Structure formats: structure tokens, C-alpha cells
Amino acid sequence: MNEQDNEITISLGDMFAYMLHRWKLVLIVGIICTATIGGFLIYQQRKSIQNKYEDATYNEMVKDMTHEQLKTVDMFYTRYTTFQERITENQFYADHSLVMKVDPNNVGVLTKEYLVKSGYAGVISSFTDAALDLDDYEKMAKILGDNLDARYVNELVSLGGSLSQDSYMIDTDKVGDVVNGSIGNAYTGILTFRATANTRSNCDEIAKIADDAIREHMEALKSAGIEIEVSELTTSYTERYDTGIAELQRTQAERGSQLVTDYYDFENNAKTSLDDDEFKVFSYLIEKEQEVTEKMHYIRYLAIGAVVGFVVSVIFLAIVYLFASGFKTFDDVIRVTKEKELGVVVQKTKSKILLGKLFHNWAQKIEFHGINRIPEEEAIAIVCDRIGSICKGKGMNKVFLVSDSQHSYSKNVLDKAIEKLKGIGIEAGFGCPSASLEALQNLRQAQAAVVAITIKNSLPNVVKDELAICAENNIPVVANFVVYPQK
């Protein structure tokens, strides 16, 4: 907004750029506040939780209660824990069961039969108990989908069968010689494997794993001295709507829903059945039991600390910017000098950090909006050439560069400008006539003055005094230019 002569121009964009150049301060303050404020809030929450569930708290609550009241509370709390266990178990099954994930409208069933012949009556039990292990179930679970619980694969696969005696096995070295030989039983039966899934390819892959496991177990039995032969009989595949699976899923969902309904009825019953003291203790026990899973709000409190740090740093930088007495914008220069600058000499930034470059470039786009930035040497040369042209047009060859800035970069720019002016036949010097007698005397010997204003460093009131000094000594101010130091 534009102010009176005794005030300065405040640009929100320039203020924002000022803050961007000081991004490290914002970051440091943000980290400090995140650690201190966030850490304090986390500590307070943890301490509050610990104090809430200390034994002293419980003892204080029950000290005036009767034995019957405590017995009633204990009964309701026991019912509560039972409900929680049942709900948790039901939900765990619903989340992990494979049969609960099968689409009952499109069920594929692959059945594979093996002919088994052996002299050992318990061979079928050996297959059903030991042929398929957890490794096989894990392979099958991986076929059905990612991150499935292999312990539930047996819901979709089965292996079983039976044997019957169909003959005697006679071992002798002579026909009809029973005394010197031996007689054994021969058993024959069917081993059946069944796999249920939603696709034929899944069924085939699961059956392949089972087939390898069956044959591996057969070799293990043979190596143990058991006579056994296993040969594949038939393989069949069917697809159907499975009413059994559909009913199981429906029953399980209804059971879960009924458990939740019963629990809410129990809660309402507790509120109406228990008196105020009993219900207070009952609620306390529930909260204490849930305390182990109560979440600490780490992210929330750390975020609060970071936001506070950001706000504090922004407010601090805004105050520093507002109370800084130097020229802030190019509009300030025009307002004080009453004319536009000959040029702008901008110091090159030297940020080596990627994040620093990002913020500095962003800030410069705001600061130099509408300003054609050129390299420092070229900018000084253009300013000096224009000063020389103005002086020669007025028949002058001695000029004084008026500058109140003590900034090292400004002095460096003025030294270079004097050298370039001498190169084109203009005798030049620089200084602050309002603060230096030597500079004032050098100004009086000049034929013209040029004001050099350093952004964020030169003071408007001092520049006004210097303009007044030039006027009282009849030294015309022919131009001005801007020096823009940067970190």
C-alpha cells in the first residue's frame, strides 16, 4: 500500500520473498518447536494416561463401595471380557478364513482319486495325517492370493480315503509249503484329494502341489520298508453354486452381527442396572483394559509443534521486515527520488544446497517481478554508460556517487563503477555527504550527483537528507541506480 512521504511502501510479495530467503531460520525454529512443544504434549499425554490407570485411582474409587457392589461390578466386567473375546475371535475368523473369501456363486471343485495297494492297514491314515504339511499349505495359499493365512487352506482342500482287505499274501519257497513260509494281508483302497476354488487354474495348481506331496510321502513309506503302490485313477472338475459355502458365510455374518447387537444390549443393560458408583468403576475397568491399545498422538502433537514453530518464525520475520528502516521495494526508491532508477545491480546468490536454491529462486521471482536481471558486470557497465551519456550531454565530467550504505557489496559495486566511469572520461568518487565531511567536500567539487541506493540497507530519511544537501550546494542530482545485495 502507498503511504505518505514519511512512511514506506509495504509489499506482501516482497515480505514473502524476504521470508523465503530466510528459510533456514523457519526450518530451525520449526524443528526446535517440534521437539520442544511436540515432546512436551506427548509427555503430558503419556503422564495423563499413566496417572489415569494407577492403582491409587482405583482404590480411591472403591473405598466407599460395599462388597455386593464390587461383586456386581466384577460380574458385569466378566461378561464384558467374554463379549470382547467372542467378538474378537469371530472377527479374526471372518478376516482370515479362506472359505469366507470364496464366491459361492462360482465354485470350482477338482477331485483326484488314487488307487492304493499295501500290506499295511494304516497307510491311508498316514497319507491323511502326514502327506500335506504347512509348507504345502503355504504354497497353496500363495496361489489363492497374497497375504492369505495358510492355516485356513484345509477349509478348501481335503485328503482322505479307506482301505479294505481283499486277499492274503503268502510268502514261501515251496508250493503248498505253509509251515516254512508266512501269510500276510493285502489291502486295497481309494485315496481322494479334493480342492475348492473360484477358478479351474487355481484348482489345477493346488492339485499339482498335493500330487507332489502324495508321491513324496509314498517314497518315504517305501524307504521305511512298507510295501505300497499308488497310482492315479481319475480326475474330475465341476463348477456349481455351493449352498454349503453360502450358508456358512451367511451364518458367520449373522453370528458376528448378533454378537455386536448383544454387546450393545449388554452395555445398555449395564447403564440401567448399575448405580452411579458401580458404573463409574465398571467404565474405569474397561478403559484400563483398553489402555494397552490406546494410541499416543505422536504425529498430531509433533505436527502442532511444527505449525507453532512455522507461525512463530513467520511472525518474527514479519515484525523484523516491518520494522526494518531501509528501502524495501523499488517503489520506495521512485517515491523518494521522484524518478526511476537507471538500472539495478544484483548480487549473485551462492547457495549450494538444492533446497536453498529452490527457495532463493522462488524468492527472486517475486522480488524481481518485472525487472530484467542481467549479470553484475554488465549491469554496472550499463549504469556507468548511461551516467556518462547524461553528464556529457550536460557538459559535465565530474560526478559524485552519493551512497549511505556501509554494505561491503555496495562498496564493491561503487569501486567498480568509479573505474568504469574513469574509463569513459568521467572523474568520480563516492561517499555519504550527510555523515562524512570529506564526502561533503568532494560532493561540492563535483558537477553532478548520482544517488546509489542499496535495497534493505539504505535509509529513506538519510537519502532525503543527501538530496537536500545536493540542493543546498547547487549540485544537480542527474540520476539514481539501485544496488541489490543477496546472501
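Select Asp404 to start. Leaving aside neighbours within four places in sequence, Asp404 is in contact with Cys432, Ser458, Leu459, Val462, Val463 and Glu466. The model you have open is a predicted one.

**Stop 1: Asp404**

Asp404 sits in the loop between β6 (398-402) and α14 (408-423). Which side chain of opposite charge is nearest to Asp404? Lys411 is, and it is 12 Å away. Asp404 is buried yet has no salt bridge; a salt bridge would need a distance within 4 Å.

Now show the polar atoms around Asp404. The side chain of Asp404 makes a polar contact of 2.9 Å with the side chain of Ser458. A polar atom of the Asp404 side chain also lies 3.0 Å from the backbone nitrogen of Leu459.

**Stop 2: Ser458**

Ser458 is in the loop between β8 (448-454) and α16 (460-472). Is Ser458 buried or exposed? Its relative accessibility is 0%, so Ser458 counts as buried.

Select what surrounds Ser458. Not counting residues up to four places away in sequence, Ser458 touches Ser325, Gly326, Phe327, Asp404, Ser405, Ala452, Ile453 and Val463. Val463 is also on the contact list of Asp404.

**Stop 3: the aromatic cluster**

Next, colour the aromatic rings. The whole structure holds 12 aromatic pairs. Take Phe76 and Phe282. Their ring centres are 6.4 Å apart and their planes stand at 75 degrees, so this pair is edge-to-face. The pair links distant parts of the chain: Phe76 belongs to helix α4 and Phe282 to helix α9 (residues 276-290), 206 residues apart. Both Phe76 and Phe282 are buried.

Phe76, Tyr77, Tyr80, Phe83, Tyr263, Tyr264, Phe266, Phe279 and Phe282 form one aromatic cluster.

**Stop 4: Asn90**

Stay on helix α4 (residues 67-96) and select Asn90, which lies in this helix. With 11% relative accessibility, Asn90 counts as buried, because the limit for buried is under 20%. Which residues does Asn90 touch, beyond those up to four places away in sequence? They are Gln252, Arg255, Gly256 and Leu259. Draw a distance from Asn90 to Gln252. Their C-alpha atoms are separated by 7.9 Å, while the two residues are 162 apart along the chain.

**Stop 5: helix α5**

Select residues 123-130, helix α5. Its buried residues are Val123, Ile124, Ser126 and Phe127. Look down the axis of α5: these buried residues fall within an arc of 160 degrees, so they line one face of the helix.

**Stop 6: two positive phi angles**

Go to Lys338, in the loop between α11 (330-337) and β5 (344-346). Lys338 is not a glycine, yet its phi is positive, near 70 degrees. At 62% relative accessibility, Lys338 counts as exposed.

Then jump to Asn474, in the loop between α16 and β9 (477-484). Asn474 is not a glycine either, and has a positive phi of about 60 degrees. Asn474 is exposed, with a relative accessible area of 67%.

**Last stop: the whole chain**

Zoom out. The protein has 16 helices and 9 strands. Of its 487 residues, 39% are buried. Among contacts between residues at least 6 apart in sequence, 83% join residues at least 24 apart.

Key
Residues are numbered from 1 along each chain as its sequence is written. This is a predicted model: local features need pLDDT of at least 70, side-chain atom pairs count only at pLDDT 80 or more; totals for chains, interfaces and linings use all residues. Side-chain values use heavy atoms; hydrogens and water are left out. Buried means under 20% relative accessible area, exposed over 50%, partly exposed in between (1.4 Å probe, protein chains only). Helices (H or I, at least four residues) and strands (E, at least two) are DSSP runs, numbered from the N terminus. The arc is that of the directions from the helix axis to the C-beta atoms. Contact means heavy atoms within 4.5 Å. Lys and Arg count as positive and Asp and Glu as negative; His and the chain ends are not counted. A polar contact is a pair of N or O atoms within 3.5 Å; within protein, one must be able to donate a hydrogen and the other to accept it, and residues adjacent in sequence count only if both atoms are side-chain atoms. Rings of Phe, Tyr and Trp (its six-membered ring) pair if their centres lie within 6.5 Å; planes under 30 degrees apart count as stacked, over 60 as edge-to-face and the rest as tilted.
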